[in-house]
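Open the model in your viewer and keep the selection tool handy. We'll go from stop to stop, picking residues as we go.

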Amino acid sequence: MRAISNITPILSLLPLALSAPHGRQAVHEFDLTGLAGSFPTDGVYGTGPIASSLSITITYPDPSSTDGENLTTTCSYSWPSSTAPGPTDWTECQDSSVQWRLPTNGWTNRGNYRVELYQTLTADGAGLDATHYLTFNPGTPSDPNAYLSCIQMGKFTPTICQIDGPLSVVRGPVVMYASEETARPN
Ligand SMILES: *[C@@H]1O[C@H](CO)[C@@H](O)[C@H](O)[C@H]1NC(C)=O
């Protein structure tokens with residue numbers, strides 16, 4: 001468990017960032033390095049009331065580090081049996097200073113959705129927000145978000161999704177640039 005009060009407020013780094021050349025903002029990079037999804041398969045070969053689940057592994061800046069060290073955590077969500085996977089509200093990751101959700105604005109289906117992360121950095125709730133679309137779009141090199149590979153093997157097994165799989169068009173990690181926010185987006 002991390003003591004939030006010991007963390008240097010990220011906003012104090014802003015003046016330095018804004019003085020960077022070309023007017024660029026500080027780059028806070030979150031990398032989505034792994035993804036494991038399991039979804040019941042619909043249709044004539046349906047697998048019945050198998051729970052759906054999605055879990056991601058992310059690497060992100062260690063706020064207590066002065067020399068750019070990163071932390072890694074896992075964020076997971078399970079939908080109850082017989083419930084179709086859909087948008088999710090903010091859910092804590094293993095590192096509870098990080099939360100994630102699948103925003104309603106961005107969800108199409110289990111093969112086309114947006115992932116959003118929020119890392120709380122100060123006691124008053126300021127932090128970093130990062131988001132990226134992920135799609136399952138095999139054979140479509142024009143889709144820059146086609147990181148997902150989803151495969152069902154056999155009639156009675158769930159569809160398994162990952163990044164860096166055989167049907168991924170774009171290789172991981174999914175690089176997400178975070179913006180500084182005074183509060184977690186609603
Ligand atoms: C932390 O992650 C960033 C982004 O992937 C990377 O550029 C940087 O080298 C990493 N820092 C360390 C100390 O490995």
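Buried means under 20% relative accessible area, exposed means over 50%, and partly exposed is anything in between (1.4 Å probe, protein chains only). This is a predicted model, where local features need pLDDT of at least 70, side-chain atom pairs count only at pLDDT 80 or more, and totals for chains, interfaces and linings use all residues. Residues are numbered from 1 along each chain as its sequence is written, and side-chain values use heavy atoms, leaving out hydrogens and water.

Start with the rings. Select Phe-39, Tyr-77 and Trp-79: ring pairs link them into a cluster (ring centres of Phe, Tyr or Trp, using the six-membered ring for Trp, within 6.5 Å). The count of aromatic pairs comes to five. In one of them, Tyr-77 and Trp-79 sit edge-to-face, 5.0 Å centre to centre with 65° between the planes; edge-to-face means over 60 degrees, stacked under 30, and tilted the rest. Tyr-77 counts as partly exposed because its relative accessibility is 26%, while Trp-79, at 5%, counts as buried.

Next, click Leu-32. Away from its neighbours within four places in sequence, Leu-32 is in contact (heavy atoms within 4.5 Å) with residues including Ile-56, Val-115, Leu-134 and Met-176.

Last stop: the ligand. Show Glu-29, Asp-31, Gly-68, Glu-69 and Asn-70, which surround it (a heavy atom within 4 Å). Draw a distance from a ligand oxygen to a side-chain N or O atom of Asp-31 and you get 2.8 Å; for Glu-29, the corresponding distance is 3.3 Å. At Gly-68, a backbone N or O atom lies 3.0 Å from a ligand nitrogen.

Methods. A polar contact is a pair of N or O atoms within 3.5 Å; within protein, one must be able to donate a hydrogen and the other to accept it, and residues adjacent in sequence count only if both atoms are side-chain atoms.
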